[in-house]
Amino acid sequence: MRGRVLIVEDDPDVLGLYRLLLARREMEVWNAVRTGEEAVDLYRAKADPPDVVLLDHRLPGCTGLEAANRILDLHPAALFVLVTADESAISIARAMGIKWVHRKPVGNAKLVQSLMQALDEAESKAEGEAAEERTGVADEEGPGNE
Amino acid sequence: MTKGEKIGERGTHVGELYLLGRLLENSKVAITVVDTKGNLILFNRAAELLTGYTREEVMGQTVSIFYESREELERIAKTVMEHGKVENREVTLLTKDGHRLPVSILVTALHDSEGAFVGSLGITVDIREQKRLEQDVLEQKRLVAFYNDLLFHDILNFSQAALGFLELLLEDISLSEEQKRLLKLSKRQSNRIQNLVRRVRTLSVLESEEGRVVTPILLGPVIEQAVSEVIEAHPETKIELCSYHPDIRVWASPLLLDLVENLLTNGVVHNPSPNPVVWVTVREIERGDEAFVQVTVEDNGAGISDERKQLVFERYRKTNEHGSGLALSLAKELVDLFGGEIWAEDRVEKDPSEGARIVLVLRRVWE
């Protein structure tokens, strides 16, 4: 199993598709929720967030992009793959700096490719952070070793 | 009889006044005259019907009895004094029974033969019906936008699940060739539904005010995205980008993507060839002092016969038994909006059976 994906999608059939597709491509579904609020709550509650959020825009309650903004406040390194039938959301998402934006319907291959790229980026970010931490620890320990 | 006046002249004068009086009285529009202080000195029958007041009740009173706000009346008076008239001003009048009545007024300053201001003539038209119709149109537009949005969004959303599951089924290696063929047919139909929905959406955006704003757009990324989306929907097709100018900007709107996608899809879906190919060429051209960009989209499909070469760009005209006939007519509308040109040719001159060439000319932005 590779990566941990949080799915935010209110259509049960689309959600079913994503679950099946991710399982077939050996990606882990970290959690699946149908509203933006639930997604934000998960980020608030869990210390170890998912690697990438597979996000719909038009949802009950707040929109996907509003949820993304709130998640970014909590976790600035969060990565999103937006898949939406809402034309107006596409330019807003790009302006927000979301790299992976697809119009519905997107083919499985393209969607998986975006998820893989996002997971790669999450991995390299995590490695970078770990290296920084190690350097930070070494620096802190440095004077004590002298 | 005054000095110098002839009998016949006086008779004509009186006759004209009489006719004028009858005309004012029987007019279907409300006519009023006020003196220099704003006191009513003429109030015709239509004015009575409109306001509910009788002539006797209002004569000598100022027109302020019809106005809810004194400021509105003062603004009208000021404009009449400064510019001689107020035209087609929409205001709300108060009727005798307290109803608020939307009307359009025309007020003209009256002067005597010496040019001195002696009062104003007011013509008032009831616009309740016009307002109601305007409201109806707005409501209809709002409803159409709402239904459009709902339909487009939901159809595309449902297509996501349909397309995704079909693609997953197609991965099953135990499927027979016949089963695969049927699944591919289903997928093709699903693609056609999406294309149709997208085209209708483009059309509805094009009808709106914001959809008609033309700005400089970078052509390269638009072509790249269109090619990528069409290949994804039709993986059996080969699209060759023959020449490419990533830095060129053209006058267009965000609907340029829909335009290019439409042209590419058109070359793909009407292509019975076992190996469908679409060639896209971007070329800079100059005509006089103006610079243009020519985008040609060629295919090895069934071609367009000479008699249909113009018809395919006409709206709502179906020129073949498949499809809505919307793709090229929509392309033409978009190109017209961008101030460009579009036409159809044979890919191989004088041989339509070798495929079509759609030539698109867009205005280049001078950098």
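1. Helices here are DSSP runs of H or I with at least four residues, numbered from the N terminus. Glu48(B) lies in one of them, helix H2 (residues 45-51) of chain B. The model is predicted, so local features need pLDDT of at least 70 and side-chain atom pairs count only at pLDDT 80 or more, while totals for chains, interfaces and linings use all residues. Residues are numbered from 1 along each chain as its sequence is written, chains are lettered from A in the order written, and side-chain values use heavy atoms, without hydrogens and water.

2. Glu48(B) is buried, at 13% relative accessibility (buried means under 20% relative accessible area, exposed over 50%, partly exposed in between; 1.4 Å probe, protein chains only). Beyond neighbours within four places in sequence, Glu48(B) is in contact with Phe43(B), Tyr53(B), Thr54(B) and Arg55(B). Contact means heavy atoms within 4.5 Å.

3. Next, a helix pair. The axes of H6 (residues 177-207) and H9 (residues 327-338), both of chain B, come within 11 Å and cross at roughly 30 degrees. Axes are lines fitted to C-alpha atoms over the stretch in contact, with angles from 0 to 180 degrees between N-to-C directions. H6(B) and H9(B) are therefore roughly parallel, a label for angles under 35 degrees.

4. H6(B) contributes Arg199(B), Thr202(B), Leu203(B) and Leu206(B) to the contact, and H9(B) contributes Ala327(B), Leu330(B), Glu333(B), Leu334(B) and Leu337(B).

5. Cysteines: a search of the whole structure finds 0 disulfides over all chains. A disulfide is a pair of cysteine sulfur atoms within 2.5 Å. Cys62(A) is buried at 8% relative accessible area, whereas Cys242(B) is partly exposed at 45%.

How values were computed
Helices (H or I, at least four residues) and strands (E, at least two) are DSSP runs, numbered from the N terminus. Angles under 35 degrees count as roughly parallel, over 145 as roughly antiparallel, 65 to 115 as roughly perpendicular and the rest as oblique.
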